[in-house]
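User: I want to learn how to read a few features of this model. Please take them one at a time.

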Amino acid sequence: MCCQMLYGTSQYWVNQCNVVPKKDSFFEVLLKIGRCDPWVAWVATNSVLHLAWVFMLFICQLYQILCLGMTTNERMNRGRYSHFINNRGKSPFSRTAFLNLIDFLECTCFGLVKPEVKDWMTSYDLDKRVECQPLLRHKDNFQYV
């Protein structure tokens with residue numbers, strides 16, 4: 001959406017404000033944008049700033065999915081769950097980066113690859129107790145209920 005906003009503002013500046021980036025200098029472009037409609041310039045500036053952090057979030061999530069094979073919750077709490085502790089902090093569900101992407105997208109690639117899809121509603125046993133480490137490790141006299 002941020003890219004769409006930037007495209008829309010650039011089209012507005014070219015069509016309504018007669019901004020020609022190839023002919024005008026950088027300062028002339030800024031002057032024309034400021035004189036034409038400062039509100040559109042404000043919206044474009046906010047779009048650029050939001051695009052920066054959204055792009056960084058996208059890169060972080062892509063790294064976690066492809067390289068680590070983990071969700072953000074699993075990455076933050078990997079020291080608490082036994083299946084991560086037993087695997088030295090790595091995800092036992094992770095495969096190669098390509099196969100992690102195939103699993104995430106549930107893509108068959110025209111029948112060449114079979115994604116590992118689990119139906120969590122039927123495969124998870126609610127009677128089993130999940131072993132995890134306490135969140136508050138510094139409290140020696142903490143009572144578990």
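User: Which backbone nitrogen does the side chain of Ser91 reach?

Analyst: This is a predicted model: local features need pLDDT of at least 70, side-chain atom pairs count only at pLDDT 80 or more, and totals for chains, interfaces and linings use all residues. Residues are numbered from 1 along each chain as its sequence is written, and side-chain values use heavy atoms, with hydrogens and water left out. A polar contact is a pair of N or O atoms within 3.5 Å; within protein, one must be able to donate a hydrogen and the other to accept it, and residues adjacent in sequence count only if both atoms are side-chain atoms. Here the side chain of Ser91 reaches the backbone nitrogen of Phe93 at 3.2 Å. That side chain also reaches the backbone oxygen of Gly69, at 3.3 Å.

User: Is Ser91 buried or exposed?

Analyst: Buried means under 20% relative accessible area, exposed over 50%, partly exposed in between (1.4 Å probe, protein chains only). Ser91 has 7%, so the residue is buried.

User: How many disulfides does the structure hold?

Analyst: A disulfide is a covalent bond between the sulfur atoms of two cysteines. The criterion is a pair of cysteine sulfur atoms within 2.5 Å. The structure holds 1. Cys17 and Cys36 form it, with their sulfur atoms 1.9 Å apart. The link is left-handed, with -70° about the S-S bond. Cys17 is buried at 9% relative accessibility; Cys36 is partly exposed at 30%.
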